[in-house]
Amino acid sequence: MSFTNTQARYGTLSKILHWATVLLIFTLIPLGIMADDAPFATDNELTRKAYLFSLHKTLGITLFFLAVLRILWALVQPKPGSLNPDNKPEHFMAEMVHWLLYGSLIIVPLTGWITHAASQGFAPIWWPFGQSLPFIPKSVGLSETASTLHMIFERVLVVSILLHFAGALKHHVIDRDATLRRMWFGRPDLPQVAPHHPSFAPLAGALVIWIAALGLGAGLGFFAPDHNHDHDHAQAPVLEAVSSEWQVETGSIALSITQFGSQVDGSFAEWTSVISFDPNATGILGHVETEIAIASLTLGSVTGQSMGTDYFDAAQFPTATFTAEITATETDYVATGTLTLKGTTIPITLPFTLEISNDGADDIAMMTGATQVNRTDFGIGASGEDNLAHVVDIAISLTARR
(Lines give C-alpha, C1' and ligand atoms only; values in the text may rest on other atoms or scores of the structure.)
Protein backbone atom coordinates (compact mmCIF):
# COMPACT_ATOMS: atom_id res chain seq x y z
CA MET A 1 0.00 0.00 0.00
CA SER A 2 1.50 3.30 -1.11
CA PHE A 3 1.92 6.06 1.47
CA THR A 4 1.57 8.77 -1.20
CA ASN A 5 -1.03 9.43 -3.89
CA THR A 6 -0.78 8.31 -7.48
CA GLN A 7 -2.69 9.44 -10.53
CA ALA A 8 -5.16 6.58 -9.99
CA ARG A 9 -5.49 6.16 -6.21
CA TYR A 10 -5.15 7.89 -2.86
CA GLY A 11 -2.23 7.02 -0.60
CA THR A 12 -2.41 5.79 2.98
CA LEU A 13 -1.81 9.20 4.56
CA SER A 14 -4.56 10.82 2.49
CA LYS A 15 -6.96 8.10 3.58
CA ILE A 16 -6.02 8.45 7.26
CA LEU A 17 -6.48 12.21 7.12
CA HIS A 18 -9.81 11.84 5.30
CA TRP A 19 -11.37 9.37 7.72
CA ALA A 20 -9.98 11.12 10.80
CA THR A 21 -11.67 14.29 9.51
CA VAL A 22 -14.93 12.40 9.02
CA LEU A 23 -14.76 11.02 12.57
CA LEU A 24 -14.13 14.47 14.07
CA ILE A 25 -16.91 16.14 12.08
CA PHE A 26 -19.47 13.51 13.08
CA THR A 27 -18.40 13.99 16.68
CA LEU A 28 -18.29 17.78 16.67
CA ILE A 29 -21.68 18.49 15.09
CA PRO A 30 -23.85 16.57 17.61
CA LEU A 31 -21.55 17.65 20.42
CA GLY A 32 -22.06 21.32 19.50
CA ILE A 33 -25.84 20.86 19.35
CA MET A 34 -25.85 19.14 22.75
CA ALA A 35 -23.70 21.88 24.30
CA ASP A 36 -25.82 24.67 22.83
CA ASP A 37 -29.10 23.10 23.98
CA ALA A 38 -27.86 22.06 27.43
CA PRO A 39 -29.59 23.93 30.28
CA PHE A 40 -27.57 26.09 32.65
CA ALA A 41 -29.93 27.23 35.41
CA THR A 42 -28.20 25.25 38.16
CA ASP A 43 -24.56 24.92 39.09
CA ASN A 44 -24.40 21.27 38.02
CA GLU A 45 -26.07 22.06 34.70
CA LEU A 46 -23.63 24.88 34.01
CA THR A 47 -20.66 22.65 34.84
CA ARG A 48 -21.92 20.01 32.39
CA LYS A 49 -22.59 22.65 29.71
CA ALA A 50 -19.08 24.04 30.15
CA TYR A 51 -17.62 20.52 29.86
CA LEU A 52 -19.48 19.89 26.59
CA PHE A 53 -18.37 23.23 25.15
CA SER A 54 -14.76 22.66 26.25
CA LEU A 55 -14.76 19.28 24.53
CA HIS A 56 -16.35 20.80 21.41
CA LYS A 57 -13.79 23.64 21.27
CA THR A 58 -10.82 21.36 21.91
CA LEU A 59 -11.83 18.90 19.20
CA GLY A 60 -12.64 21.86 16.91
CA ILE A 61 -9.08 23.15 17.14
CA THR A 62 -7.88 19.60 16.52
CA LEU A 63 -10.01 19.58 13.35
CA PHE A 64 -8.54 22.93 12.29
CA PHE A 65 -4.95 21.69 12.42
CA LEU A 66 -5.93 18.38 10.84
CA ALA A 67 -7.59 20.28 7.98
CA VAL A 68 -4.50 22.46 7.51
CA LEU A 69 -2.32 19.34 7.38
CA ARG A 70 -4.71 17.69 4.96
CA ILE A 71 -4.73 20.70 2.62
CA LEU A 72 -0.94 21.05 2.72
CA TRP A 73 -0.58 17.36 1.93
CA ALA A 74 -3.07 17.66 -0.95
CA LEU A 75 -1.07 20.55 -2.42
CA VAL A 76 2.09 18.46 -2.73
CA GLN A 77 0.39 15.28 -3.88
CA PRO A 78 -1.08 14.38 -7.25
CA LYS A 79 -4.86 14.25 -7.17
CA PRO A 80 -6.31 11.06 -8.63
CA GLY A 81 -8.30 11.73 -11.79
CA SER A 82 -12.06 11.35 -12.08
CA LEU A 83 -13.42 7.91 -12.91
CA ASN A 84 -16.17 9.58 -14.91
CA PRO A 85 -14.53 12.62 -16.55
CA ASP A 86 -16.97 12.76 -19.48
CA ASN A 87 -19.82 13.84 -17.19
CA LYS A 88 -18.85 17.52 -17.06
CA PRO A 89 -21.65 18.81 -14.77
CA GLU A 90 -21.03 16.03 -12.26
CA HIS A 91 -17.28 16.61 -12.40
CA PHE A 92 -17.80 20.35 -11.82
CA MET A 93 -20.10 19.70 -8.84
CA ALA A 94 -17.66 17.25 -7.31
CA GLU A 95 -14.80 19.74 -7.58
CA MET A 96 -16.91 22.60 -6.21
CA VAL A 97 -18.05 20.52 -3.23
CA HIS A 98 -14.42 19.64 -2.52
CA TRP A 99 -13.56 23.35 -2.42
CA LEU A 100 -16.54 23.98 -0.13
CA LEU A 101 -15.39 21.19 2.17
CA TYR A 102 -11.76 22.31 2.32
CA GLY A 103 -12.68 25.95 2.89
CA SER A 104 -15.33 25.17 5.50
CA LEU A 105 -12.97 22.86 7.38
CA ILE A 106 -10.74 25.90 7.89
CA ILE A 107 -13.35 28.65 8.33
CA VAL A 108 -15.72 26.86 10.72
CA PRO A 109 -13.21 25.92 13.44
CA LEU A 110 -11.29 29.18 12.96
CA THR A 111 -14.39 31.35 13.51
CA GLY A 112 -15.22 29.22 16.55
CA TRP A 113 -11.69 29.79 17.86
CA ILE A 114 -12.00 33.55 17.30
CA THR A 115 -15.34 33.52 19.14
CA HIS A 116 -13.63 31.94 22.14
CA ALA A 117 -10.55 34.18 22.02
CA ALA A 118 -12.61 37.39 21.80
CA SER A 119 -14.90 36.50 24.71
CA GLN A 120 -14.25 36.27 28.44
CA GLY A 121 -14.78 33.19 30.54
CA PHE A 122 -16.62 29.89 30.28
CA ALA A 123 -15.53 26.59 28.78
CA PRO A 124 -11.74 26.75 28.41
CA ILE A 125 -9.92 24.96 25.61
CA TRP A 126 -8.03 21.94 26.95
CA TRP A 127 -5.02 22.34 24.69
CA PRO A 128 -2.09 24.08 26.47
CA PHE A 129 -2.63 27.00 24.09
CA GLY A 130 -5.48 28.74 22.34
CA GLN A 131 -7.26 30.69 25.07
CA SER A 132 -6.28 33.80 23.12
CA LEU A 133 -5.15 34.55 19.58
CA PRO A 134 -2.74 37.18 18.22
CA PHE A 135 -4.47 40.35 17.03
CA ILE A 136 -7.81 39.20 18.52
CA PRO A 137 -8.94 41.62 21.27
CA LYS A 138 -11.49 40.86 23.97
CA SER A 139 -14.59 42.24 22.32
CA VAL A 140 -18.24 41.30 22.70
CA GLY A 141 -19.02 42.59 19.20
CA LEU A 142 -16.19 40.64 17.57
CA SER A 143 -17.12 37.50 19.49
CA GLU A 144 -20.75 37.72 18.37
CA THR A 145 -19.78 38.39 14.74
CA ALA A 146 -17.39 35.42 14.73
CA SER A 147 -20.07 33.27 16.37
CA THR A 148 -22.53 34.21 13.62
CA LEU A 149 -19.99 33.39 10.91
CA HIS A 150 -19.29 30.09 12.68
CA MET A 151 -22.99 29.23 12.57
CA ILE A 152 -23.46 30.25 8.91
CA PHE A 153 -20.43 28.40 7.56
CA GLU A 154 -21.27 25.39 9.71
CA ARG A 155 -24.48 25.14 7.68
CA VAL A 156 -22.45 25.36 4.48
CA LEU A 157 -20.22 22.58 5.80
CA VAL A 158 -23.21 20.35 6.62
CA VAL A 159 -24.74 20.85 3.18
CA SER A 160 -21.35 20.16 1.55
CA ILE A 161 -21.00 16.94 3.54
CA LEU A 162 -24.46 15.80 2.48
CA LEU A 163 -23.67 16.54 -1.19
CA HIS A 164 -20.30 14.78 -0.89
CA PHE A 165 -21.93 11.76 0.71
CA ALA A 166 -24.69 11.68 -1.92
CA GLY A 167 -22.09 11.80 -4.70
CA ALA A 168 -20.03 8.98 -3.18
CA LEU A 169 -23.18 6.88 -2.71
CA LYS A 170 -24.23 7.52 -6.30
CA HIS A 171 -20.83 6.36 -7.58
CA HIS A 172 -20.89 3.26 -5.39
CA VAL A 173 -24.53 2.15 -5.82
CA ILE A 174 -25.61 3.46 -9.23
CA ASP A 175 -22.39 3.82 -11.24
CA ARG A 176 -20.77 0.88 -9.43
CA ASP A 177 -17.31 2.35 -9.92
CA ALA A 178 -14.36 2.50 -7.51
CA THR A 179 -14.66 6.18 -6.49
CA LEU A 180 -15.57 5.32 -2.90
CA ARG A 181 -13.45 2.16 -2.67
CA ARG A 182 -10.24 3.94 -3.63
CA MET A 183 -10.62 6.17 -0.55
CA TRP A 184 -10.87 3.07 1.62
CA PHE A 185 -7.91 0.99 2.70
CA GLY A 186 -6.70 -1.76 0.38
CA ARG A 187 -5.91 -1.83 -3.32
CA PRO A 188 -9.12 -2.02 -5.39
CA ASP A 189 -8.88 -2.81 -9.06
CA LEU A 190 -9.00 0.48 -10.92
CA PRO A 191 -9.49 1.25 -14.59
CA GLN A 192 -7.14 3.51 -16.48
CA VAL A 193 -7.70 7.03 -15.10
CA ALA A 194 -7.27 10.26 -17.03
CA PRO A 195 -5.02 12.85 -15.39
CA HIS A 196 -6.67 15.42 -13.17
CA HIS A 197 -6.78 18.86 -14.77
CA PRO A 198 -7.37 21.63 -12.19
CA SER A 199 -9.82 24.41 -13.00
CA PHE A 200 -10.67 27.66 -11.23
CA ALA A 201 -14.36 27.44 -12.18
CA PRO A 202 -15.30 25.12 -9.26
CA LEU A 203 -13.46 27.43 -6.84
CA ALA A 204 -15.39 30.38 -8.22
CA GLY A 205 -18.61 28.43 -7.70
CA ALA A 206 -17.65 27.75 -4.09
CA LEU A 207 -16.92 31.44 -3.50
CA VAL A 208 -20.35 32.35 -4.89
CA ILE A 209 -21.99 29.91 -2.46
CA TRP A 210 -20.06 31.30 0.52
CA ILE A 211 -21.04 34.86 -0.42
CA ALA A 212 -24.66 33.78 -0.93
CA ALA A 213 -24.63 32.13 2.52
CA LEU A 214 -23.41 35.37 4.09
CA GLY A 215 -26.07 37.35 2.25
CA LEU A 216 -28.79 34.92 3.35
CA GLY A 217 -27.56 35.11 6.95
CA ALA A 218 -27.61 38.90 6.84
CA GLY A 219 -31.08 38.88 5.30
CA LEU A 220 -32.37 36.63 8.09
CA GLY A 221 -30.99 39.03 10.69
CA PHE A 222 -28.20 36.78 12.00
CA PHE A 223 -25.86 39.77 12.25
CA ALA A 224 -28.34 41.90 14.21
CA PRO A 225 -26.81 43.18 17.48
CA ASP A 226 -29.24 41.27 19.69
CA HIS A 227 -29.42 38.04 17.66
CA ASN A 228 -27.02 36.12 19.89
CA HIS A 229 -28.17 37.65 23.16
CA ASP A 230 -29.82 35.43 25.71
CA HIS A 231 -33.32 36.66 26.52
CA ASP A 232 -34.30 33.78 28.80
CA HIS A 233 -33.17 35.42 32.04
CA ALA A 234 -35.06 38.05 33.99
CA GLN A 235 -35.20 41.56 32.58
CA ALA A 236 -33.59 44.28 34.66
CA PRO A 237 -36.18 46.13 36.78
CA VAL A 238 -36.67 49.84 36.26
CA LEU A 239 -35.26 51.50 39.36
CA GLU A 240 -37.11 54.48 40.76
CA ALA A 241 -35.43 57.87 40.53
CA VAL A 242 -33.84 58.97 43.80
CA SER A 243 -33.23 62.34 45.40
CA SER A 244 -29.75 62.72 46.81
CA GLU A 245 -27.60 65.45 48.36
CA TRP A 246 -24.81 64.26 46.09
CA GLN A 247 -26.17 63.40 42.64
CA VAL A 248 -24.21 60.73 40.76
CA GLU A 249 -23.36 61.88 37.23
CA THR A 250 -21.16 59.05 36.01
CA GLY A 251 -19.84 55.86 37.52
CA SER A 252 -19.47 52.11 37.38
CA ILE A 253 -19.93 49.10 39.63
CA ALA A 254 -17.65 46.42 38.23
CA LEU A 255 -16.88 42.93 39.36
CA SER A 256 -14.29 40.34 38.44
CA ILE A 257 -14.55 36.58 38.88
CA THR A 258 -12.20 33.73 38.10
CA GLN A 259 -13.86 30.87 36.22
CA PHE A 260 -11.98 27.76 35.15
CA GLY A 261 -8.75 29.63 35.87
CA SER A 262 -9.58 32.61 33.64
CA GLN A 263 -10.57 36.10 34.75
CA VAL A 264 -13.99 37.33 33.66
CA ASP A 265 -14.87 41.02 34.08
CA GLY A 266 -18.36 42.47 34.26
CA SER A 267 -20.35 45.50 35.35
CA PHE A 268 -23.86 46.56 36.32
CA ALA A 269 -25.52 49.04 33.98
CA GLU A 270 -28.44 50.04 36.21
CA TRP A 271 -28.06 51.31 39.78
CA THR A 272 -28.95 54.29 41.95
CA SER A 273 -27.24 55.85 44.97
CA VAL A 274 -28.52 58.16 47.70
CA ILE A 275 -25.46 59.87 49.19
CA SER A 276 -25.08 62.32 52.06
CA PHE A 277 -21.56 63.45 52.94
CA ASP A 278 -19.91 66.28 54.79
CA PRO A 279 -16.09 66.12 54.85
CA ASN A 280 -15.99 68.66 57.69
CA ALA A 281 -18.19 66.66 60.04
CA THR A 282 -16.80 64.66 62.95
CA GLY A 283 -17.38 60.93 63.48
CA ILE A 284 -19.86 59.75 60.88
CA LEU A 285 -19.36 61.88 57.78
CA GLY A 286 -22.32 60.60 55.79
CA HIS A 287 -24.42 57.73 54.56
CA VAL A 288 -24.85 55.87 51.29
CA GLU A 289 -27.57 53.58 50.03
CA THR A 290 -27.10 51.96 46.64
CA GLU A 291 -29.66 49.80 44.85
CA ILE A 292 -28.45 47.61 41.99
CA ALA A 293 -30.53 45.94 39.25
CA ILE A 294 -29.04 42.44 39.12
CA ALA A 295 -30.25 41.61 35.60
CA SER A 296 -28.38 44.65 34.25
CA LEU A 297 -25.14 42.74 34.78
CA THR A 298 -22.93 42.05 31.77
CA LEU A 299 -20.42 39.30 32.57
CA GLY A 300 -18.58 38.15 29.47
CA SER A 301 -19.94 35.01 27.85
CA VAL A 302 -21.61 33.85 31.07
CA THR A 303 -24.06 36.75 31.42
CA GLY A 304 -27.16 34.63 30.85
CA GLN A 305 -25.90 31.74 32.96
CA SER A 306 -25.13 34.03 35.91
CA MET A 307 -28.83 34.90 36.23
CA GLY A 308 -29.75 31.24 36.93
CA THR A 309 -31.27 29.97 40.18
CA ASP A 310 -27.98 28.62 41.54
CA TYR A 311 -26.27 31.95 40.90
CA PHE A 312 -27.82 35.44 41.20
CA ASP A 313 -31.37 34.09 40.70
CA ALA A 314 -32.38 37.46 39.25
CA ALA A 315 -35.99 36.42 38.70
CA GLN A 316 -36.60 35.96 42.46
CA PHE A 317 -34.08 38.53 43.73
CA PRO A 318 -34.06 41.33 41.16
CA THR A 319 -32.06 43.87 43.20
CA ALA A 320 -29.16 44.09 45.64
CA THR A 321 -28.72 46.83 48.24
CA PHE A 322 -25.60 48.29 49.82
CA THR A 323 -26.16 50.48 52.89
CA ALA A 324 -23.28 52.02 54.82
CA GLU A 325 -21.99 54.80 57.02
CA ILE A 326 -19.01 56.83 55.81
CA THR A 327 -16.11 57.58 58.15
CA ALA A 328 -12.56 58.82 57.68
CA THR A 329 -9.37 56.81 58.07
CA GLU A 330 -5.86 58.19 58.59
CA THR A 331 -5.38 58.61 54.86
CA ASP A 332 -8.71 58.08 53.09
CA TYR A 333 -12.29 57.03 53.78
CA VAL A 334 -14.29 53.87 54.39
CA ALA A 335 -17.94 52.91 53.95
CA THR A 336 -18.93 50.34 56.59
CA GLY A 337 -22.29 48.63 56.27
CA THR A 338 -24.11 45.68 54.77
CA LEU A 339 -24.71 44.15 51.36
CA THR A 340 -28.04 42.42 50.80
CA LEU A 341 -27.90 40.05 47.86
CA LYS A 342 -30.05 37.05 47.00
CA GLY A 343 -31.96 37.43 50.25
CA THR A 344 -28.82 37.35 52.43
CA THR A 345 -27.33 40.31 54.31
CA ILE A 346 -23.59 40.30 54.99
CA PRO A 347 -21.38 42.95 56.65
CA ILE A 348 -19.08 44.65 54.16
CA THR A 349 -16.35 47.27 54.27
CA LEU A 350 -15.52 49.44 51.29
CA PRO A 351 -12.31 51.54 51.56
CA PHE A 352 -12.19 54.36 49.02
CA THR A 353 -10.31 57.46 47.96
CA LEU A 354 -12.04 60.76 47.40
CA GLU A 355 -11.15 63.99 45.65
CA ILE A 356 -13.42 67.03 46.06
CA SER A 357 -13.16 70.10 43.89
CA ASN A 358 -15.35 73.05 42.99
CA ASP A 359 -16.22 74.14 39.47
CA GLY A 360 -17.30 77.61 40.62
CA ALA A 361 -20.90 76.61 41.20
CA ASP A 362 -21.00 73.12 42.70
CA ASP A 363 -18.80 70.71 44.62
CA ILE A 364 -17.56 67.79 42.51
CA ALA A 365 -16.55 64.52 44.19
CA MET A 366 -14.55 61.77 42.44
CA MET A 367 -14.58 58.49 44.35
CA THR A 368 -12.74 55.20 43.70
CA GLY A 369 -13.01 52.12 45.91
CA ALA A 370 -12.55 48.36 45.88
CA THR A 371 -13.46 45.42 48.09
CA GLN A 372 -13.96 41.65 47.97
CA VAL A 373 -16.83 39.34 48.86
CA ASN A 374 -17.12 35.58 49.10
CA ARG A 375 -19.81 34.31 46.73
CA THR A 376 -20.59 31.32 48.98
CA ASP A 377 -21.75 33.71 51.73
CA PHE A 378 -24.69 34.57 49.46
CA GLY A 379 -25.33 31.02 48.23
CA ILE A 380 -24.08 31.85 44.75
CA GLY A 381 -22.81 28.74 42.96
CA ALA A 382 -22.26 25.36 44.58
CA SER A 383 -19.17 24.37 42.62
CA GLY A 384 -15.68 24.30 44.07
CA GLU A 385 -12.91 26.78 43.37
CA ASP A 386 -11.62 24.72 40.44
CA ASN A 387 -14.71 25.84 38.52
CA LEU A 388 -15.45 29.22 40.08
CA ALA A 389 -13.25 31.01 42.63
CA HIS A 390 -14.96 31.92 45.89
CA VAL A 391 -13.58 35.46 46.02
CA VAL A 392 -15.23 38.11 43.86
CA ASP A 393 -13.49 41.46 43.36
CA ILE A 394 -15.69 44.55 43.30
CA ALA A 395 -14.52 47.95 42.03
CA ILE A 396 -16.58 51.11 42.29
CA SER A 397 -15.92 54.54 40.82
CA LEU A 398 -18.21 57.52 40.47
CA THR A 399 -18.39 61.26 40.00
CA ALA A 400 -21.06 63.10 41.98
CA ARG A 401 -22.15 66.74 42.17
CA ARG A 402 -23.51 68.66 45.17
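I began with Lys79, which at a relative accessibility of 28% counts as partly exposed; I call a residue buried under 20% relative accessible area, exposed over 50% and partly exposed in between, with a 1.4 Å probe and protein chains only. I note at once that this is a predicted model, in which local features need pLDDT of at least 70 and side-chain atom pairs count only at pLDDT 80 or more, while totals for chains, interfaces and linings use all residues. Residues are numbered from 1 along each chain as its sequence is written, and side-chain values rest on heavy atoms, with hydrogens and water left out.

**Entry 1: salt bridges**

I looked for salt bridges, meaning a side-chain nitrogen of Lys or Arg within 4 Å of a carboxyl oxygen of Asp or Glu, and the search of the whole structure gave 9. One of them joins the side chains of Lys79 and Glu95, with 2.8 Å from N to O. This pair links distant parts of the chain, 16 residues apart, since Glu95 sits in helix H3 (residues 88–118) and Lys79 in the loop between helix H2 (43–75) and H3. I take helices (H or I, at least four residues) and strands (E, at least two) as DSSP runs, numbered from the N terminus. Glu95 is buried, its relative accessible area being 11%.

Next I turned to Lys170, whose side chain meets that of Glu90 in a salt bridge at 2.6 Å, N to O. Because Glu90 belongs to helix H3 and Lys170 to helix H4 (residues 140–175), the pair ties together parts that are 80 residues apart in sequence. I found both ends partly exposed, Glu90 at 21% relative accessibility and Lys170 with a relative accessible area of 24%. Lys170 also forms a salt bridge with Asp175, where the closest N and O atoms are 2.7 Å apart. Elsewhere I traced one network, in which salt bridges with shared partners join Glu249, Asp359, Asp362 and Arg401.

**Entry 2: a lysine without a partner**

Which side chain of opposite charge is nearest to Lys57? I found that it is Asp36, 11 Å away, and that Lys57 is buried yet has no salt bridge; here Lys and Arg count as positive and Asp and Glu as negative, while His and the chain ends are not counted. Lys57 is in helix H2. With its neighbours within four places in sequence left aside, Lys57 is in contact (heavy atoms within 4.5 Å) with His116, Phe122, Ala123 and Ile125.

**Entry 3: Gln259**

I then looked up Gln259 in strand S1 (residues 247–259), and at 7% relative accessibility Gln259 counts as buried. Its contacts, with neighbours within four places in sequence left aside, include Leu46, Gly121 and Phe122 as well as Asn387 and Leu388.

**Entry 4: cavities**

I searched on a 1 Å grid over the protein atoms alone, where a cavity is a set of points at which a 1.4 Å probe fits but cannot get out, and I counted 3 cavities of 30 Å³ or more. Points are joined across faces, edges and corners, and a volume is the space filled by probe spheres set on them; the largest cavity holds about 740 Å³. Its lining, made up of residues with an atom within 4 Å of a point, has 46 residues, and Ile253, Ile292, Leu339, Ile394 and Ile396 lie nearest the centre. I sorted this lining into 39 nonpolar, 6 polar and 1 charged residues, where nonpolar covers Ala, Val, Leu, Ile, Met, Phe, Trp, Tyr, Cys and Pro, charged covers Asp, Glu, Lys and Arg, and the others, Gly among them, are polar.

**Entry 5: loops**

Arg176 has a phi near 55°, a positive value in a residue other than glycine; Arg176 lies in the loop between H4 and helix H5 (201–219) and is exposed, with a relative accessible area of 67%. For Lys342, too, I read a positive phi near 55°; Lys342 is in the loop between S7 and strand S8 (344–358), and at 12% relative accessibility Lys342 counts as buried.

Last, I looked up Thr329, in the loop between strand S6 (319–328) and strand S7 (333–341), which is partly exposed at a relative accessible area of 39%.

Technical notes. On a 1 Å grid over the protein atoms alone, a cavity is a set of points where a 1.4 Å probe fits but cannot get out, and a pocket is an open set with protein on both sides within 12 Å along at least five of seven lines; lining residues have an atom within 4 Å of a point.
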